[in-house]
Amino acid sequence: MTNEPLNIATRVAYGKKLAGLGETHPEIVVLDADLSCSTKTDLFAKKFPNRFFNVGIAEQDLMGTAAGLAQCGFTVFASTFTIFATGRAWEIVRQSIAYPGFNVKICSTHSGITVGEDGASHQSLEDIALMRVIPGMKVLVPADAHQTMGMMEFMVKDKGPTFMRLGRAEVKDVFDSDYRFTLGKGEVLKQGREICIFATGYVVRAALDAAQLLASKGVQPTVVNMGSIKPIDEALIVQMASQHRLLFSVEEHSVIGGLGSAIAEVLTAKAPQRLIRLGMQDEFGQSGTGAELLKHYRLDAQGIADSISGCI
Amino acid sequence: MQTQSIQELTNIARHLRINIIKMVHNAGCGHFGGAFSSADMLTGLFFYKLNYRPDDPFWEDRDRFVLSSGHMSAGLYAALAKLGVFNEKELMGFRKFGTPLQGHPKFNLKYGIEMSTGSLGQGLSIGNGMALAARLKNKNYRVYSLETDGGSESGMVWEGIMTAAHYKLDNRCVLFDLNNVQIDGYMSDVMNIHPVADKFRAFNWHAIEIDGNDMQQICAALDEAAATKGRPTAIIGKTIMGKGVSIFENKPKYHGVAPTDEEFKTAMQELGVQS
Ligand SMILES: Cc1ncc(C[n+]2csc(CCOP(=O)(O)OP(=O)(O)O)c2C)c(N)n1
Ligand SMILES: [Mg+2]
């Protein structure tokens, strides 16, 4: 493989890819709510000013406008911060995008605690739960820049509403440029035994590093990336449950309603097995650097390794 | 507190700006552009008008203030520290891990922070609730909030404006920072909300248009608002983003970045801090 590492934030990968897709996909229209410099839709806006609309700080208007454009046949990418896209505008997303099944891609950035210093008001910890519960809404959480772009290739071909959860912070590559995304499929990144860690988004990298730390103690966990949270890879979950004696989920999201819950739903129905959900434990975040917060909430490699060690 | 002269108040506003820029510089991130544009109105409110006891932030009869534009937290914290609600030294903890001075305000009455804000557009309604509570409890306190031009693009703001007028909340006053800037640029390029005063009037508010960086006009408007009966008042202050430091003025870029060391030095000089 000859590819250069990207090691960029998923929001940056999103902005660049979107500007690229604009060239071959004249049906793409992009909307933002006064955060285009942060969500990186400004890259598309500069290239295709006629297919970009900034609605100002009005997230409900953002989703309503997206619905109208989609009703007329456009593929709409709507971006803002995740807390506002999935929180403030939730009911509009449900009624006016998901219910009619419109082709709107809600690609929001600044998800989870890695938002950092802005603090709890801006750290979305509930979005996976909020989007997952809406009928017909697909929920995608990329682990790095490559997966982000792979998911976008899928999204422009797919019809219907999708939520993609993007991050603010730079993240080291998990994949390379050969990566292809398949809806509803997870990926075994590291095959181990006895313990299996399912991770999603920014903390996938940390889960891999945690496995490294645990290896020195003779623990060899399997690490699985779950980028497609809805639909979720039921077969893979069942397979992992049968091959391991203890399962963990890791996410920078509330453990209520997120990846851990989605896995638990599969386990209870198809393969009862013990699952320990690591993530935000029914609490709000706070100000601090991303690294400080990941450490504090035990979502960095050391914290994940410690949590796992403490359970085995 | 009503004895402060215009000169004294102007000096306090300058002091707030010094602390605001120190805080954002020290944190390495944060928002000072809007905190600068609104610093004069905040000073007029806190140091001329607000009925408040810095040594008893739980006092039931205190006037309430909601910072609807939570990203301007540095301005609020600087004002509360200057009032003496907490020690000015704590300002340097701004945005750091473990601080009560979160990036966006977190409800904490001990620190004088009346409400958690940061998600734009919600404060106006919250202020209305506090004003209705005063009516229910037969209290004379007044409720103020700082609204902003960008923040008022949120539909919820106009829902609250409707409610305040419907219930004739004359104990409710909005300070409106019209600096014509939001994150993605000038209001005229992103989303035009003019004419603001006419909109308030159409919603049955008393609207006063002033230069929001002129202390004399600010104090007079606050008095006029308090004397206005039967309807809420909006004080619409035309301001300059980054006001007080020439290199920052009217530049959208300074909405939410820390100043470089060089810019910080210039700012301190222009704000009259001897190095
Ligand atoms: C509901 C919501 N949407 C988006 C944001 C992100 N945001 C923070 S400040 C800001 C611009 C605010 O403009 P204005 O209120 O005029 O403040 P100024 O730029 O003048 O400081 C935006 C979009 C937010 N805090 N809340
Ligand atoms: Mg503004």
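In chain B, five strands build an open sheet with parallel pairing, in the order 1-2-3-7-6. Two strands are said to pair if DSSP finds at least two bridges between them, and the elements themselves are DSSP runs numbered from the N terminus: helices (H or I) of at least four residues and strands (E) of at least two. The structure is a predicted model, in which local features need pLDDT of at least 70 and side-chain atom pairs count only at pLDDT 80 or more, while totals for chains, interfaces and linings use all residues. Residues are numbered from 1 along each chain as its sequence is written, chains are lettered from A and ligands numbered from 1 in the order in which they are written, and side-chain values use heavy atoms, with hydrogens and water left out.

Where does this sheet end? Its edges are strand 1 (64-67) and strand 6 (206-211) of chain B; each has a single partner strand, so one side of each is left without a neighbour in the sheet. On average, neighbouring strands of the sheet are turned by 20° against each other, direction ignored; here the axes are lines fitted to C-alpha atoms, for helices over the stretch in contact, and angles run from 0 to 180 degrees between N-to-C directions. Within the sheet, strand 3 (residues 172-178) and strand 7 (residues 233-238) of chain B run parallel and are joined by six bridges. One example is B:Val174, whose bridge partner in strand 7 is B:Ala234.

Chain B as a whole has 10 helices and seven strands. Its C-alpha atoms fill a box of roughly 50 × 45 × 35 Å along the principal axes. Of its 275 residues, 58% count as buried, a term that means under 20% relative accessible area, with exposed over 50% and partly exposed in between (1.4 Å probe, protein chains only). Contact means heavy atoms within 4.5 Å; among contacts in chain B between residues at least 6 apart in sequence, 75% join residues at least 24 apart.

Nonpolar side chains tend to be buried together in soluble globular proteins. A nonpolar core is a set of buried Ala, Val, Leu, Ile, Met, Phe, Trp, Tyr and Cys residues joined through side-chain atoms within 4.5 Å. The largest one holds 59 residues, of which B:Ile21, B:Phe46, B:Phe65, B:Tyr77, B:Phe86 and B:Ile235 touch the most other members. Helix 1 (residues 6-27) of chain B supplies the largest share of this core, 10 residues. Apart from it lies another core of 52 residues, including A:Met152, A:Val203, A:Val250 and A:Leu294.

In chain A, strand 6 (residues 162-165) is covered on both faces: A:Thr162 and A:Met164 on one side, and A:Phe163 and A:Arg165 on the other, are all buried. Strand 4 (residues 104-108) of chain A runs parallel to strand 6 and is joined to it by four bridges, with A:Cys107 opposite A:Met164. Strand 5 (residues 138-140) of chain A also pairs with strand 6 in the parallel sense, over three bridges; there, A:Lys138 has A:Thr162 as its bridge partner.

How many disulfides are there over all chains? With a disulfide taken as a pair of cysteine sulfur atoms within 2.5 Å, the count comes to zero. The sulfur of B:Cys219 is 12 Å from the closest cysteine sulfur, in B:Cys173, too far for a bond.
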